[in-house]
Amino acid sequence: MTPKTLRRAVEALDSFNVETPSWGFADTGTRFGKFFQDAAAIDMNDKLADAGQVHALTGCCPTVAVHVLWDFVKGEDPAKVGRLARKHGVKIGAINPNLFQDQEYKWGSFGHNDPAVRRRALKHCYDSVDIMKATGSEYLSLWFADGTNYPGQNSIRERKGYFESCLKSLHNRLAPGQTMLVEYKPFEPAFYATDIADWGMALLYAKKAGPRAKVLVDTGHHYNATNIEQIVAWLLDENMLGGFHFNDRKYADDDLTLGSIDPYQIFRIFHEIHSYASDHGKMPKIAYMVDQSHNEKAKVEAMIQTVVMAQELYAKAAIVDHDALRAAQAKNNVIDAELQLKKAFFTDVTPALAKWRKANKLPADPLAEHRRQGYEKKAAADRRARRQAMGITRGGSFA
Ligand code: PSV
Ligand code: MN
């Protein structure tokens, strides 16, 4: 790296944070099966301890996204969870209402044709806004499993109308400093017509809801050929990009660790963001979050690997020479323009990461340090014993 690119990369890392998901530390997996890990978090204290470990080692994960039904005890003061988070050196980040688990939502939540179910879904979201107040969270992160599985099942336009009206009511409930993020997903669990299937639908819904609504891009929620960075560039230009759910995928919502399949794609997404910042003189406010559930990799290790990869790709994208890129573009010099991106992508930014970690008194290699500390082993022993004491048995064997 040159002194100039080194400085730029280190500066970029200074303001780059990634939020970890509480659900990424617990027993989760595919819908076909879960392979249990002794070190998997049992309760909220474990999840926050794991998130605290990731932050302590990487220095860039100060907040944790939570799912209301999975992480809060009904009737208990949500501020308690906020205090627990602080005990582990982190804060509660995005609040995710859960509108897909209860039996009432068999035919949808905001898109349900029964107004009583829509009211129930809204009430849960209003309660989630109250949780935001108690935990000091800035983001309400919305994902809906709503949709239909068969042609003719429901009126597509009617469901759209229900969504518009519910999202607007919810938006009106938000306080000035609060933002709601609207996430989209092409399919699963609905396979015929998902109510928020792509970024265009999410954008329209968010725009109609009001100024405090933005779009959330989950990198796994796209068809294989989709140009995600183009979506990112459009949303940035419309001032409608609110946040990301990071993960990688080969087919669909695979929840693979970020950059495991296509690191260049994540680099290109970051490039669009740095390029926007260079044109506008300031970085847009974006909530970077991880959304991964690990079935095979050790959970805390996978999270560290993800965060370190995100930092590396963000630093690489920060060193693209925008002047040289613009000059090549002006001449329609396709090869030189592309090479500017490739040059940054293939630059070894290890010196910048090392310098930033040293300046922040962090381990040079967070994953190696995590292993050296034996965190996973200790967590496994502790959690195995607690499971035994609580009589928790896991597994689906007939044996
Ligand atoms: C749905 O696939 C999703 O991406 C949403 O963001 C959920 O909140 C998350 O995964 C966890 O189920
Ligand atoms: Mn997601």
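This is a predicted model: local features need pLDDT of at least 70, side-chain atom pairs count only at pLDDT 80 or more; totals for chains, interfaces and linings use all residues.
**Exercise 1. The manganese site**

Find which residues coordinate the manganese ion (ligand 2), and work out the geometry of the site.

*Solution.* 
- Step 1. Start from the ion. Its donor residues are Glu 183 (OE), Asp 218 (OD), His 245 (ND1) and Asp 291 (OD), at 2.1 to 2.2 Å.
- Step 2. Look at the angles. There are 6 donor atoms, with angles of 72 to 165° among them.
- Step 3. Compare with the ideal. Six octahedral donors would ideally give 90 or 180 degrees.
- Step 4. Name the geometry. The site of the manganese ion (ligand 2) is octahedral.

**Exercise 2. Donors along the chain**

Describe how the donor residues of the manganese ion (ligand 2) are spaced in sequence.

*Solution.* 
- Step 1. Read off the pattern: E-x34-D-x26-H-x45-D.
- Step 2. Take one pair from it. Asp 218 lies in strand β8 (residues 213-218) and His 245 in strand β9 (residues 241-246). They are 27 residues apart, so this pair links distant parts of the chain.
- Step 3. Asp 218 and His 245 are both buried.

**Exercise 3. Strand β4 and its partner**

Sort the residues of strand β4 (residues 139-142) by the way they point. Then state how β4 and β6 run.

*Solution.* 
- Step 1. Tyr 139 and Ser 141 point one way. Leu 140 and Leu 142 point the other way.
- Step 2. All of these residues are buried.
- Step 3. Turn to strand β6 (residues 179-183). It is joined to β4 by 4 bridges, and the two strands run parallel.
- Step 4. Pick out a facing pair. Val 182 in β6 stands opposite Leu 142.

**Exercise 4. Two helices**

Decide how helices α2 and α15 are oriented to each other.

*Solution.* 
- Step 1. Packed helices are described by an angle and a distance between their axes.
- Step 2. Helix α2 covers residues 44-58 and helix α15 residues 375-390. Their axes come within 13 Å and cross at roughly 175°.
- Step 3. Angles over 145 degrees count as roughly antiparallel. Therefore α2 and α15 are roughly antiparallel.
- Step 4. List the contacts. Asp 46, Ala 49, Asp 50 and Gln 53 in α2 meet Tyr 375, Arg 383 and Arg 386 in α15.

**Exercise 5. Buried or exposed?**

Classify His 322 and Asn 239.

*Solution.* 
- Step 1. His 322 is found in helix α11 (residues 322-330). Its relative accessible area is 17%. The cut-off for buried is under 20%, so His 322 is buried.
- Step 2. Among the residues His 322 touches are His 271 and His 274.
- Step 3. Asn 239 sits in the loop between α8 (228-237) and β9. Its relative accessible area is 53%. Exposed means over 50%, so Asn 239 is exposed.

Technical notes: Residues are numbered from 1 along each chain as its sequence is written. Chains are lettered from A and ligands numbered from 1 in the order in which they are written. Side-chain values use heavy atoms; hydrogens and water are left out. Buried means under 20% relative accessible area, exposed over 50%, partly exposed in between (1.4 Å probe, protein chains only). Two strands pair if DSSP finds at least two bridges between them. Donors are N, O and S atoms within 2.8 Å of the metal (3.2 Å for Na, K and Ca); water is not among the atoms, so sites may look incomplete. Four donors count as tetrahedral if all angles lie between 85 and 135 degrees; four count as square planar and six as octahedral if opposite donors are over 155 degrees apart and all others between 65 and 115; anything else is irregular. Contact means heavy atoms within 4.5 Å. Axes are lines fitted to C-alpha atoms, for helices over the stretch in contact, and angles run from 0 to 180 degrees between N-to-C directions. Angles under 35 degrees count as roughly parallel, over 145 as roughly antiparallel, 65 to 115 as roughly perpendicular and the rest as oblique. Lists of a residue's contacts leave out its neighbours within four places in sequence.
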